[in-house]
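Subject: Handover of a structure and notes on its contents

Dear colleague,

Please find the structure below, followed by an account of what was found in it.

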2 protein chains.
Amino acid sequence: MHQLTVADLNPAVLNVQYAVRGELAIKAEDLRNKLEAGHDLPFKRVINSNIGNPQQKGLDQPPITFTRQVAALMEYPPLIDLVKDKWPSDVIERAQELQKEIGSIGAYSHSKGVPLIRKHVAQFIEERDGYSSDPEDIFLTGGASAGVSLLLNVLITPHKTGILIPIPQYPLYTATLAQFNGIPLPYHLSEPQGWSTSLHEIEDAIAQGKKDGIAPRALVIINPGNPTGSLLDLETMESVVRLCEKHSLILLADEVYQSNLHSPDTHPFFSFKYVVRKLDSPVGLVSFHSISKGIKGECGRRGGYFECTNFREDVRALLYKMVSVGLCPPLSGQIGVDSMVRPPQPGSPSYALWKEETDTIHGALAQRTKIMTDRLNALPGVSCVQSPGALYLYPRLELPADAVAAARKLGKEPDALYAMELLDETGICVVPGSGFGQKEGEAHYRLTCLCPGVEEYVVALEEFHKKFLAKYSSA
Amino acid sequence: MHQLTVADLNPAVLNVQYAVRGELAIKAEDLRNKLEAGHDLPFKRVINSNIGNPQQKGLDQPPITFTRQVAALMEYPPLIDLVKDKWPSDVIERAQELQKEIGSIGAYSHSKGVPLIRKHVAQFIEERDGYSSDPEDIFLTGGASAGVSLLLNVLITPHKTGILIPIPQYPLYTATLAQFNGIPLPYHLSEPQGWSTSLHEIEDAIAQGKKDGIAPRALVIINPGNPTGSLLDLETMESVVRLCEKHSLILLADEVYQSNLHSPDTHPFFSFKYVVRKLDSPVGLVSFHSISKGIKGECGRRGGYFECTNFREDVRALLYKMVSVGLCPPLSGQIGVDSMVRPPQPGSPSYALWKEETDTIHGALAQRTKIMTDRLNALPGVSCVQSPGALYLYPRLELPADAVAAARKLGKEPDALYAMELLDETGICVVPGSGFGQKEGEAHYRLTCLCPGVEEYVVALEEFHKKFLAKYSSA
């Protein structure tokens, strides 16, 4: 009997790479197990700065009380008798309203998500943008990744369709393109312009694709940026929409960090839905959002949504058919979406606590982002773009020639060597730039700005960096 | 600007069909909306017998108290102060144990699922089968469907790989094969033998595939059966494993109904894991399980697992890579899996209530299944195999020639016409046999045995059937 080997499997799947949970993350897991088993290592704990997972152990961003009280009541409705005089009345009312609509959260919902919650999402979008939104255009999903995967699967005719993706990018895109045999058409973001999107680079990528006989079908934009922490201005966004019109591209707007803004007064977020409507553009747009990021950080619930704009009814019906095969997104995530789009309002009993909790999270993130950027920029051979949004920094490294040589000798990218040594020395797990893409010869890494105790954390980064430079400087 | 049309999309996706949530389910949704809007219809409520969704509104199978109390505590840990003297101590202990391991359920877990829960799954399997199980072989999933989709995606090289599927089948399989460009190699189940699996039919399908140049890679078995409600005996299962050895087939065992047994003393369930180990077989096996069925019926949580047996480490690592792109299964589903595999034990404070709740559900399902089968068999032109397991019946219809002609005229399958008229007349939504597959010229439908008020429900089926026969009898 022949035993199944990797060589028997779908070749597309073999090509999938996902560095965020790749070699380094697996090593970090091993190191954590070793620490727990009592091994002596140069650090006391492993810090997973490789992934935007705010509530994980060690980071411990607290969940929003309102969200969780509503969720607890949805899990066990008889609980109401115990809490009705103890929990805020708006929590009780919200849970009762959702229970009336949903019934049990143990039942499958509509495959696009609970109709009432989709209506609330549409209202949230209308308030955000000042333009109408149709609940029928909203699909609730098990996190933004599930939505991206669905859209790429539907848009890609295998081995034919090109998808324009930014470099650096969140590797979900390259991984999913590989899975579905789509062809990446990479365009470079501009590091000197704060990782902004250059129309010129996109045009070049389209031209190159056409030269290679690849039809571009869609353009991926991640805004606020991952891994870069950048934020697009309105003028650039308008040009992007016009470019999509010109080339009949579907615009896939990954906007999951839309509420992670560190200086919203000077650097506000605009959605592509707003821009498309403002320009009265016919561009087909899909905007993805998630409860995993923002101030909720409810990654484990697996909740999110996408809104499709300017989609024909038959295309929307086909998306509905495809989500129906997966039955429905998790109800736990769906009710998480509901409380994301309908937070407590001023005057309601839960508002004061909600405000305090969310202000604390926003404040801590902005403060850490600033401290980390300033201190990284003060290090020799490191430069880091100021980040107005998202959860990440993507510092650039100028590594000594000896380090580059040492890495090559090990068959590694230089930034992968740096990240591996950083993990070994400090327990801090980051993702090397080679996992997101960068220009030939460059080195970067991505780290999250989620770790509390930022002073101690930054000192560890600084000390490691200096030791690394010393180790590989053959002066 | 060219607007995206269905013709631009991935042709594989256009071919996907999923009748369980197809035309009839969409019509049922419309009818429910009409009733709510006050329209006058021939019935008072729509009953969704098209899908195994026990907790949906109108069916209202109550959730298990233990499961939901633990889940409520996981959602909002400070709740413990309010409930610690009011809820059973084993609920509190379980929640604390899980919290200690998991931390917040708002964090991503390990992509294969929380290690401790995988350990508990392995213990459950060991107790069920009497053979060892390795937690590293367990992958928690967002329901069994997510696991099936992953495995098919990995096993199928597009346009080359054949997958043996039973006819009738749960249409997840044909839908997913279409999505990933796999080639179905259908084999017929034997209705006269209680929908058992015939080795002869599988061999024929393999031979036919080979003649067409299609390499068979895997064999799908659904046991207990969906849509048939059948249950395999040990002897047949052993032959199936030997056949997989002979042809080097991966055995994909959909065992999500393993605890839905109506007469377990005379018709016990054996897992394929047990059979593979008993025979000391090297066959590669994937067994799927779910919290959506059984007595839990927690469909909305999206929880399940699969266990792979006799898989090489590199193949397992590739599965891990693929699930990591999707980050992790919903924590709500994962903790649901934990309470499925670790129910309260005799002597523990929650046991009496748990026993009462689960006995009630098992009893009601067995009773309804028997009543419905007997009454359907008493109808002219209907025959229905006795079902020892799962949640469904799959009665066969002998339809009058006039009905067949009327259906053809509408471009419909005769059983689709029957199901459409059943919905219009009674509000009962079932799925026609053409959605699951059947032999040329046959007619069936699948209905769930989940509706309470079985007498009223069966009377509605009977009256409709007689009227339908009268309408289409040109005597």
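Axes are lines fitted to C-alpha atoms, for helices over the stretch in contact, and angles run from 0 to 180 degrees between N-to-C directions. Helices (H or I, at least four residues) and strands (E, at least two) are DSSP runs, numbered from the N terminus.

This is a predicted model, in which local features need pLDDT of at least 70 and side-chain atom pairs count only at pLDDT 80 or more, while totals for chains, interfaces and linings use all residues. Residues are numbered from 1 along each chain as its sequence is written, chains are lettered from A and ligands numbered from 1 in the order in which they are written, and side-chain values use heavy atoms, with hydrogens and water left out.

Helix pairs

In chain B, helix α2 (residues 23–36) and helix α16 (residues 414–426) cross at roughly 10°, and their axes come within 11 Å. The helices α2(B) and α16(B) are therefore roughly parallel to each other. On α2(B), the contact (heavy atoms within 4.5 Å) is made by B:Glu23, B:Leu24, B:Lys27, B:Ala28 and B:Leu31, and on α16(B) by B:Ala419, B:Met420, B:Leu423 and B:Asp424.

In chain A, helix α5 (residues 89–102) packs with helix α13 (residues 331–341) at an angle of about 130°, with the axes 12 Å apart. The helices α5(A) and α13(A) are therefore oblique to each other. Here α5(A) contributes A:Arg94, A:Leu98 and A:Ile102 to the contact, and α13(A) contributes A:Leu331, A:Ile335, A:Asp338 and A:Ser339.

Two buried residues

B:Ser287 lies in strand β7 (residues 285–290) of chain B. B:Ser287 counts as buried because its relative accessibility is 2%; buried means under 20% relative accessible area, exposed over 50%, and partly exposed in between (1.4 Å probe, protein chains only). Beyond its neighbours within four places in sequence, B:Ser287 is in contact with residues including B:Ala253, B:Tyr305 and B:Phe306.

A:Val256 sits in the loop between β6 (250–254) and α11 (272–278) of chain A. A:Val256 is also buried, at a relative accessible area of 7%. Not counting residues up to four places away in sequence, A:Val256 touches several residues, among them A:Ala144, A:Phe288 and A:His289.

Yours sincerely

Terms used: Parallel < 35°, antiparallel > 145°, perpendicular 65-115°, else oblique.
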